[in-house]
Amino acid sequence: LWLSTDDNPANKVLIAYAESSTDIRQYNKFSTQKSAPVRLIKGARYYIETLHKEAFGADHVSVAWTLPDALVEAPIPGIRLSPFTAPLTTGTRVSSSEFATAMRLKTVEEKAGGLKVTATPNPSQHYFTLLTSSKNTKSLNITLTDVAGRIVERKLNVAANGTVQVGHRLPAGIYFIEVIQDNQKQKLKLVKQ
């Protein structure tokens, strides 16, 4: 198990490992499976990586952690994780302190084409309302995926410049929505609580 001091994989360090097999969710078979305490900053992003070697038999990997209030999450729930995306190549970087603010942003706008997509509320306990506006009146295709990239909801030929609700039946977790209109595409991260 590798953990970075921030969201950059180049800063990752080995914090725990198992040299031999364990039963599913057996987190204490070897002393090396447990890291020293690691202090994380609330709202900051951290790169985490597991390396799993397949040998024989039933294969599995899971990671648990203990929160400051002594609550053990075993394994770490998906709502706390998001897929890794490569750092920006423009030299612009969001600091850890800006991450919480960036996560609250609900709007993404592509300046050239003018497609604007807003998801509210985000996070949500029930469903998300998407508000779309564009200079173009062509219909939208909307695809909602989970963190593993599986399609969990799709809406085709949705009228542009209006509202549509998504995510009614989704369990708690992190999801990604992609809105496509002609040659324009917008993506948003959605959090279902």
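These are my notes, starting with the whole chain and moving on to single residues.

**Entry 1: what kind of model**

First things first: this is a predicted model. Where is the confidence lowest, and where is it highest? The lowest element is strand S6 (residues 107–109), with a mean of 37, while strand S10 (residues 151–158) is at the top with 94.

I then looked for stretches under 50. Residues 88–92 stay under that value, and the model gives them 0 contacts beyond four places in sequence. Residues 94–112 are also below 50, yet this stretch has 31 contacts beyond near neighbours in sequence.

**Entry 2: the overall build**

I counted the secondary structure next and got 1 helix and 13 strands. Which order do they come in along the sequence? I wrote the pattern down as β-β-β-β-β-α-β-β-β-β-β-β-β-β.

The protein has 193 residues, and 26% of them are buried. Its accessible surface is about 13000 Å², and carbon and sulfur atoms hold 54% of that. I also looked at who touches whom: among contacts with a separation of 6 or more, 52% are between residues 24 or more positions apart.

**Entry 3: a hole inside**

I found 1 cavity of 30 Å³ or more, and the volume of the largest cavity is about 30 Å³.

Which residues line the largest cavity? My list reads Leu130, Thr132, Leu140, Ile142, Val158, Ala159, Gly162, Thr163 and Val164. The elements that give two or more residues to this lining are strand S8 (128–133), strand S9 (140–146) and strand S11 (163–166). I sorted the lining residues by type and got 6 nonpolar, 3 polar and no charged.

I searched for cis peptide bonds. One runs from Ala74 to Pro75, with omega near 0 degrees. Pro75 is in the loop between strand S5 (72–73) and helix H1 (96–104). Another cis bond runs from Thr120 to Pro121, with omega near -15 degrees, and Pro121 is in the loop between S7 and S8.

Is Ala70 buried or exposed? Ala70 is exposed, because its relative accessible area is 56% and the cut-off for exposed is over 50%. Asp182 also has a positive phi, about 55 degrees. Asp182 is in the loop between strand S12 (173–181) and strand S13 (184–192).

Ser124 came up first. This serine is in the loop between strand S7 (116–120) and S8. Ser124 has 3% relative accessibility, so I put it down as buried. Leaving out residues up to four places away in sequence, Ser124 touches Val191, Lys192 and Gln193.

Next I picked Gly114, which is in the loop between S6 and S7. Why does Gly114 count as buried? Its relative accessibility is 13%, and buried means under 20%. Gly114 and Ser133 are 19 residues apart in sequence, and their C-alpha atoms are 7.8 Å apart in space. With residues up to four places away left out, Gly114 touches Ser133, Ser134, Lys135 and Gln184.

Last, I looked up Val13, in strand S2 (residues 12–14). Val13 counts as partly exposed, because its relative accessibility is 43%. Which residues does Val13 contact, neighbours within four places in sequence aside? I noted Leu1, Trp2 and Leu3. Val13 and Leu3 are 10 residues apart in sequence but 5.5 Å apart in space, C-alpha to C-alpha.

Notes. Residues are numbered from 1 along each chain as its sequence is written. This is a predicted model: local features need pLDDT of at least 70, side-chain atom pairs count only at pLDDT 80 or more; totals for chains, interfaces and linings use all residues. Side-chain values use heavy atoms; hydrogens and water are left out. Helices (H or I, at least four residues) and strands (E, at least two) are DSSP runs, numbered from the N terminus. Buried means under 20% relative accessible area, exposed over 50%, partly exposed in between (1.4 Å probe, protein chains only). Contact means heavy atoms within 4.5 Å. Accessible areas come from the Shrake-Rupley method with a 1.4 Å probe; for residues, only the protein chains shown count as cover. On a 1 Å grid over the protein atoms alone, a cavity is a set of points where a 1.4 Å probe fits but cannot get out, and a pocket is an open set with protein on both sides within 12 Å along at least five of seven lines; lining residues have an atom within 4 Å of a point. Grid points are joined across faces, edges and corners, and a volume is the space filled by probe spheres set on the points. Ala, Val, Leu, Ile, Met, Phe, Trp, Tyr, Cys and Pro count as nonpolar, Asp, Glu, Lys and Arg as charged, and the others, Gly among them, as polar. pLDDT is the predictor's confidence in each residue, from 0 to 100.
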